[in-house]
Amino acid sequence: MDIRAVVVGGGYAGLVTARVLAGRCARVTVVEQDGLGPDPGHRRGTPQSRHPHALLARGAHILEDLFPGLQDELTDRGAPVSDFGRFPMLYPTGWSPRVPTGIVLQTFSRPLLEACIRRRVLEDPAVTVLDGTRVTGLALDARRERVAGVRAEGRGTLEADLVVIAAGRHSRLPAWLAEAGLAAPEVRRVDGRLSYVSRIYARDASADPAWQASLQATLAPDTDRGGAVVAIEDGRWLVCLLGADGRTAPTDPDGFAAYAAGLANPYVHEITGTAEPLGPAYRYAGLGSAWHRYDRLHTRPAGLVVLGDALCSLNPLYGHGMTVAALQAVLLGRTLDGTTTLPRACRRFQRRAGRTLALPWLMAASLDLGWQPGRTPLPAALARRLLHRLLRRIPDDPDLYRRFLGVQHLTASPATLLGPALRPARARTGGTAA
């Protein structure tokens with residue numbers, strides 16, 4: 001197709017989308033309101049970048065296909081990689097088994113990942129990035145039935161046949177539709193009132209610890225405190241303290257250390273108690289899940305698609321956001337390949353995008369509804385009961401743990417868990433930190 005595409009948002013989701021579109025469109029213009037440099041750096045538009053990020057196994061496979069050699073490049077720049085079984089995970093029901101899982105996970109900061117991807121995207125002559133440019137609305141045809149591009153501050157109208165909104169959880173697309181006299185989508189929300197408070201510490205990059213990352217998870221309705229520590233590039237630890245149901249860790253040094261010391265996970269407070277802090281602590285809240293149902297809009301302009309957090313922002317505790325965005329970008333490319341007209345491809349993509357969200361939404365919503373008052377819908381209640389049952393068995397069942405990780409990393413069907421979940425529970429043998 002001879003398509004001119006504009007991607008609104010130059011962060012992770014927008015860059016991956018641009019990579020997919022570059023081989024299918026005559027021209028791809030990425031518009032980003034923040035300034036973008038060649039080196040890794042935090043941006044105002046991504047306050048979450050100071051906190052832990054993870055690519056699930058499926059997401060890592062997709063990125064390696066789109067950007068061959070990416071894992072090696074990240075490794076060369078200091079991002080550790082190892083089997084997920086080396087990561088001691090403390091669930092409210094006990095410690096994860098320390099066994100090989102076959103699932104490889106690499107840990108890094110979000111700015112490093114974006115910088116590596118951005119460099120490769122910009123090498124494609126079909127892609128242009130307009131940074132420091134704020135999009136102020138959609139440009140529509142006279143009948144408001146089709147996009148003609150976007151309006152950009154100081155640049156007038158950027159003409160396009162295809163507009164992809166990948167501007168994150170704070171996308172202004174609902175307001176732009178309303179300004180054009182069009183309906184905004186209904187929104188499904190589930191809010192566990194989660195907050196992150198994160199701080200960087202020095203790490204001996206020459207050492208090879210027996211663990212690369214560790215987590216103490218929160219879980220409704222009783223476990224509202226948690227934390228994580230992750231090894232990242234440049235010889236650093238990233239420590240994140242979690243609070244759910246409105247609880248939040250302090251940002252002052254003494255309060256941060258005391259909150260970490262109060263956790264049951266010794267790996268978190270080992271770092272905060274012994275390593276040198278390299279900067280202040282940063283808080284990020286407002287992390288509830290919200291699914292904007294653009295697939296149900298009957299008046300959506302032709303040529304408009306929405307993906308990533310702009311479509312559905314998921315509680316980041318469960319780690320699905322970046323992988324789901326990559327799945328949707330690839331799905332968009334495949335839909336364009338298999339559909340004869342652009343309007344039809346856009347409609348088909350928006351319907352199909354819901355399939356990439358079905359499992360992540362069910363997991364996040366069913367668990368986080370436990371923090372909210374009122375009666376939980378039956379499907380979510382059944383899913384939460386199943387997940388709680390699985391978590392009780394995981395500490396003493398390595399095979400179940402491997403299956404659970406396969407589902408969590410979106411490489412296996414949830415059906416693989418049904419048999420183990422329905423079997424009688426084994427007697428607990430207990431467990432301690434390894």
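## The parallel sheet

In this predicted model, strand E1 (residues 4-8) and strand E2 (residues 27-31) run parallel and are joined by five bridges. One of the residues involved is Arg4, whose bridge partner in E2 is Arg27.

Strands E1 and E2 belong to an open sheet of five strands, arranged in the order E7-E2-E1-E11-E19. The pairing in this sheet is parallel. At its edges stand strand E7 (127-130) and strand E19 (304-306), each of which pairs on one side only. From one strand to the next, the twist averages 20°.

## The antiparallel sheet

Three strands form an open sheet with antiparallel pairing, in the order E12-E18-E20. Here the edge strands are strand E12 (187-190) and strand E20 (312-313), and each pairs on one side only.

Strand E18 (residues 289-292) runs antiparallel to E20, and two bridges join them. Within this part of the structure, Trp291 stands opposite Cys312 in E20.

Most residues other than glycine have a negative phi, and most peptide bonds are trans. Two places in the model may be read against that background.

The loop between strand E14 (213-216) and strand E15 (225-232) holds Pro221. The peptide bond that leads from Ala220 to Pro221 is cis, and its omega is near 5°.

Asp245 is found in another setting, namely the loop between strand E16 (236-243) and helix H6 (253-261). Although Asp245 is not a glycine, its phi is positive, at about 60°.

## A charged patch on the surface

Which residues gather in a patch of positive charge on the surface? The patch consists of four arginines: Arg344, Arg347, Arg351 and Arg355.

## Overview

The features described above include an open five-strand sheet with parallel pairing and an open three-strand sheet with antiparallel pairing.

How values were computed: Residues numbered from 1 in each chain as written. Predicted model: local features only at pLDDT ≥ 70, side-chain atom pairs only at ≥ 80, totals over all residues. Heavy atoms only, no water. Patch = residues over 30% accessible without salt bridge, like charges linked within 9 Å, V, L, I, M, F, W, Y side chains within 5 Å. Areas by Shrake-Rupley, 256 points an atom, 1.4 Å probe, with all protein chains shown as cover. Salt bridge = Lys/Arg side-chain N within 4 Å of Asp/Glu carboxyl O. Lys, Arg positive; Asp, Glu negative; His and termini not counted. Charge placed at Lys NZ, Arg CZ, Asp CG, Glu CD. Pairing = 2+ DSSP bridges. Helix = DSSP H or I, 4+ residues; strand = E, 2+ residues; numbered from the N terminus. Axes fitted to C-alpha atoms, helices over the stretch in contact; angles between N-to-C directions.
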